[in-house]
Amino acid sequence: MRKDFGVRTWIYPQPVLIIGSYDEDGTPNAMNAAWGAIYDNDQVILCLDKTHRTTKNIARTKAFTLSFATADTVKAADYVGIVSGNKEPDKLAKAGWTVTKSSRVDAPVIDQLPLTMECELIRIDAEEHVIGRIVNVSADESVLGEDGKPDYNLIRPITYDPVHFDYVALGDKVAKAFQVGKELDK
């Protein structure tokens with residue numbers, strides 16, 4: 001037996017993305033957004049309302065960073081999501097975050113978020129989708145595994161539960177991708 005809920009935006013997992021940009025005066029800004037995803041091999045898409053300071057910053061600078069909130073940064077990540085940059089111009093300082101200017105795009109890399117995509121704007125379409133090209137992915141050495149690549153268990157990314165309005169730490173590995181299904185291919 002199934003229960004119907006009608007139209008809902010209940011996608012699991014829903015990433016907790018932190019979008020970094022620079023205000024007109026050079027002040028770093030960040031916002032929390034759950035509606036974002038990979039769009040193509042080297043592109044991301046974000047659904048951002050045009051009234052957000054971040055959207056205006058991206059349109060002006062043609063650049064942004066996209067980082068992943070972690071279990072360790074959940075309080076600050078939530079703060080930059082509930083407080084508007086239009087009302088609080090120094091959100092990052094209040095969140096306790098510091099930045100390093102990206103050497104590739106005109107956007108801040110938030111030092112406390114260990115995995116960041118540096119993106120250049122491709123376009124903002126009429127439906128307010130921000131589409132960016134990934135020009136670099138950087139990771140803090142503290143989250144690199146023995147193979148020298150980002151380790152999910154060290155990053156500890158969180159997801160947003162749109163049903164119960166919770167942040168949830170993602171769980172354990174359950175299988176090896178592109179391998180486990182081969183058991184059925186006989």
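This is a predicted model: local features need pLDDT of at least 70, side-chain atom pairs count only at pLDDT 80 or more; totals for chains, interfaces and linings use all residues.
Next, pick Trp 10, in the segment before strand 1 (14-15). Its relative accessible area is 31%, so Trp 10 counts as partly exposed, between the 20% and 50% limits.

Now go inside. Show Ile 19, Leu 46, Leu 48 and Phe 64, which touch the most other members of the largest nonpolar core, a group of 15 residues. Colour strands 2 (17-22), 3 (28-33), 5 (43-47), 6 (63-68), 9 (115-124) and 10 (129-139), the elements that each give two or more residues to this core. Strand 9 gives the most, with three residues.

Centre on Leu 48 for a closer look. Beyond its neighbours up to four places away in sequence, Leu 48 touches Ile 19, Met 31, Ala 33, Thr 54, Thr 55, Ile 58, Glu 128 and Val 130. A second, separate core has 14 residues, including Ala 76, Val 80, Leu 92 and Leu 113.

For the last stop, select helix 1 (residues 53-61) and find Asn 57 in it. Is Asn 57 buried or exposed? Asn 57 counts as buried because its relative accessibility is 3%. Leaving aside neighbours within four places in sequence, its contacts are Ser 21, Tyr 22, Asp 23, Glu 24, Asn 29 and Lys 62.

Conventions
Residues are numbered from 1 along each chain as its sequence is written. Side-chain values use heavy atoms; hydrogens and water are left out. Helices (H or I, at least four residues) and strands (E, at least two) are DSSP runs, numbered from the N terminus. Buried means under 20% relative accessible area, exposed over 50%, partly exposed in between (1.4 Å probe, protein chains only). Contact means heavy atoms within 4.5 Å. A nonpolar core is a set of buried Ala, Val, Leu, Ile, Met, Phe, Trp, Tyr and Cys residues joined through side-chain atoms within 4.5 Å.
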